[in-house]
Amino acid sequence: MLKFHQAKLDNGLHIVAESSDTARSVAFGFFIRTGGRDELGPEIGLSHFLEHMMFKGTDRRSAHDVNREFDEMGAKYNAFTSNENTVYYGNVLPEFLPRLADLLADMMRPSLRQEDFDMEKKVILEEMAMYEDLPQHDLADKALKTHFGEHGLGNPVIGTKQSITGLTSAQMRDYFSRRYAAGNMLAVAAGALDFGQFVDLISERCSQWDKVSAQRDLTPAKPSLGTQTFQKTTLTRQHLLLISPAPSAQDQDRFAAAILANAVGDETGSRYFWALVEPALADVACCAYQPLDGAGMFMSYFCCDPDQAEKVVKIARAELTRFTQDGITPDELARSANKTASALTLSSEVPMGRFVSLGMNWQYLQQYRSLAADLDSIRAVTAEQVNRLARELTIDRTTTVALGPLEKVV
Amino acid sequence: MDPSKIYTHQLDNGFVLVAEHMEAVSSASFTFLLPAGAKHDPADGLGSAAVLLDWVFRGAGNLDSRQLDSLLDGLGLHRESSVAIEYTVLAGALLGDNLHQALDAYAGIIRRPHLPAERFDPSRQLVLQQLASQDDDPRSKLMVGLRKRHFPEPLGRNPLGVHDQLSVLQGSTVADLHQKSYLPDRTILAVAGSFDWPKLREKVSSLFTDWSGQPAPEPELGSAGPKTDHLSQQTAQTQIGIAYDSVPPTHPGYYRACLAVAVLSGGMSGRLFTEVREKRGLCYHVAARHHVLKGRGTVLCYAGTADDRAQQTLDVTLAELKRLPEGITQAELDRAKIGLKASLIMQGESTTARSASAAADYYHLARVRSLDEISDAIDAVRVSDLLDHLQQFPPTDFTILTLGSKKLEVPC
């Protein structure tokens, strides 16, 4: 039995939770409505750098204390930063929830010590080098920049060598005070928990946080739909990314968009699979729907031999055009709905899956959505809805970015 | 702690079904382990099992390729399949109500694939491409290279094969491998989640009872090495891989070995993360894990770092490994224990994790351990036990492989 609960502290901090009487663990954490798109001027990469620094200790704890305490609870813990969200979390056995709440809440008010800042800068530069060696990551950063241009959604979350090297701890403190205000944060828990006790835990530790309003610039992006090739002769394969606009995270059409992406480019049984993977023109050909705050995108990724790259792009575009013209078949709609529903059910069986869903729904919709409600929405998608979406969005008009040995891919 | 129930049923032909019923889930996950690992690939046809795995999905039983794909997708099946060194894995997860239909389809894929001659070449080409893609993933390339140097042939093979042999691989070789290795004896099917045991047992029996044949005997082991080596490649980071022998799950010291690795790399307070990343900022990713093959345990370590700091990263990592037997605190052991036990309990919430784990247990131990049994065994380990174990099996005799633009000095 799953039950939703919510509360709000006087300083604006929202608390949302879904309790389960069958879960054996509980996931708890903070969502902050901040990421790459909220960075100004030279701040590129700051949200992610700050995420690392949040583990470096507080007035009450050293960096080692933070790591040690997580491990003393046997927690599965980490954090991630995207263009729009920064999330800190731990998954623990229920008896450790009070201790986890104390630790994570304390971490949300960090010391940001200069010596830690200097040491962690080295780690960030190493992480950047790691992504540079992984063409999928490298390509995604380049493609977002090409697609979104100077809009904040085009900022690389990891930053650039130049931006990270130039950042100061004073800039970080300033960004922290602007973005980590109580009203811009959300405490989320899912799994085995007592909500009354949970609110007391959060209230005791977070009530004194300042109430500062934090805004996000929601100026709509103007995607370029341009084409660009980045040559890297040390790569063996050609990596390709096509991006086109899609419904936002707030749009009623988001479930139809998820089904559209699945029908076009799921790993199995999709249009891309039959046109590109089955005949071995590419070993990877997939399409994902990425909903964003007031924006959205379909992203198609392909990995192929360089001498097949032109053909792969041509066929992929032709498949998108054909989908736009002919529409989804009843069989495709049923299969994609089943796969999407099944994946959601599986991920929801563990508290971490519900934690992410609960937090993201609140961030984008200020709304609780049960698993059953999401499954109903998936089942309710019609062929007409998917086809209208494909036509209106002209999904075959894409930003096309290539990375690999070729000098140019048209 | 553990409300789940474990069932086992073996058919006369050697096929084993193990199942773990889980409360409060609507999904079911299944994992087939077939004795068709890369170690059984013909010596002149390396990569055959990987090609076969793609080929078997191109039509089976009374369904052609599109019909089969449509059926599996229509069931909402999430599929995972791969070739490992010891076996081929065919796994899936879906709503428990659809489990029997999925098993019908998989019985066809495993026993009656069409292996259409005209689709052999795309299957072969896809594996060639996956192999080429490893070149663009330095960490994978390093770890494949490390296993090749640490394990005796054929246990160190790359499951994707080698380019020159794949380029001339014949369909008849791969079809022959299907006849010789997709066989009931030593095949394990593990199911976890929502199911009715009597019905599942009956279903699986009806699908696999009239299947016969014994796979080839275990291949003889050859040589490994060299112990230290370097792969030259222009990359942003130098990749460092280290392997050393440990003990397998059948060994009485197995849990001690797992706890020792957890002290090294169980969380962010583990020794490697603390010494290499936190204190020195040498890298972003550094980790060690305990890896098992039948009758063989191994610790595999990885670090990736900038060229000018790679030597120091290697030196600090090796020093941490070597000093492990010198002493471990009670607090370190306590953290390692709670980390492993919490992982177990959380694994008990996921049907995919439990079916994979039950299949692996049966493969290594010929039985499935309950979560309580594992938890009790972890609890029983004392600091003195861990140190005794490390005296007996110290981190030593390292196989070290680096990848990057500059070769490193490896201490004797």
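**Notebook: sheet, chain B, interface and cores**

I began with chain A, where 6 strands form an open sheet of mixed pairing, in the order 1-2-6-3-5-4. I looked next at the edges: strand 1 (2–8) and strand 4 (76–81) of chain A each have a single partner strand, so one side of each is left without a neighbour in the sheet. Ignoring direction, I note that neighbouring strands of this sheet are turned by 10° against each other on average. I keep in mind throughout that this is a predicted model.

Within the sheet I followed one pair, strand 3 (residues 26–32) and strand 6 (residues 185–191) of chain A, which run antiparallel and are joined by 7 bridges. In this pairing I found Phe28(A) opposite Ala189(A), the latter in strand 6 of chain A. I then asked which strands helix 13 of chain A lies across. Helix 13 (residues 351–365) lies across strand 2 (14–20), strand 3, strand 5 (86–92) and strand 6 of chain A, and runs at about 150° to strand 6 of chain A.

I checked its overall dimensions against the expectation for a compact globule of 412 residues, a radius of gyration near 22 Å, and chain B agrees, with 22 Å. Along the principal axes, the C-alpha atoms of chain B fill a box of roughly 60 × 55 × 35 Å. I also recorded that 51% of the 412 residues of chain B count as buried, and that, of the contacts in chain B with a separation of 6 or more, 81% are between residues 24 or more positions apart.

For the interface, I found 53 residues of chain A in contact with 56 residues of chain B. On the side of chain A that touches chain B, the elements giving two or more residues are helix 2 (63–72), strand 5, helix 4 (114–132) and helix 12 (330–348) of chain A, and helix 12 of chain A supplies the largest share, 10 residues. I see that this side of chain A divides into 21 nonpolar, 13 polar and 19 charged residues.

Last, I looked up the nonpolar cores. The largest has 133 residues, and Phe302(A) and Val312(A) are those with the most contacts inside it; its largest share, 9 residues, comes from helix 9 (residues 254–265) of chain A. Leaving aside residues up to four places away in sequence, I list Leu240(A), Leu276(A), Ala282(A), Val284(A), Ala285(A), Val312(A) and Ala316(A) as the residues that Phe302(A) touches. I also noted a second, separate core of 118 residues, which includes Tyr88(A) together with Ala257(B), Val286(B) and Ala310(B).

Technical notes: Residues are numbered from 1 along each chain as its sequence is written. Chains are lettered from A and ligands numbered from 1 in the order in which they are written. This is a predicted model: local features need pLDDT of at least 70, side-chain atom pairs count only at pLDDT 80 or more; totals for chains, interfaces and linings use all residues. Two strands pair if DSSP finds at least two bridges between them. Helices (H or I, at least four residues) and strands (E, at least two) are DSSP runs, numbered from the N terminus. Axes are lines fitted to C-alpha atoms, for helices over the stretch in contact, and angles run from 0 to 180 degrees between N-to-C directions. Two residues are in contact if their C-beta atoms, placed from the backbone, lie within 7 Å. The radius of gyration is taken over C-alpha atoms; the globule rule is 2.2 Å times the number of residues to the power 0.38. A residue is buried if 20 or more other C-beta atoms lie within 10 Å of its own, exposed if 12 or fewer, and partly exposed in between; C-beta atoms are placed from the backbone. Ala, Val, Leu, Ile, Met, Phe, Trp, Tyr, Cys and Pro count as nonpolar, Asp, Glu, Lys and Arg as charged, and the others, Gly among them, as polar. A nonpolar core is a set of buried Ala, Val, Leu, Ile, Met, Phe, Trp, Tyr and Cys residues joined through C-beta atoms within 7 Å.
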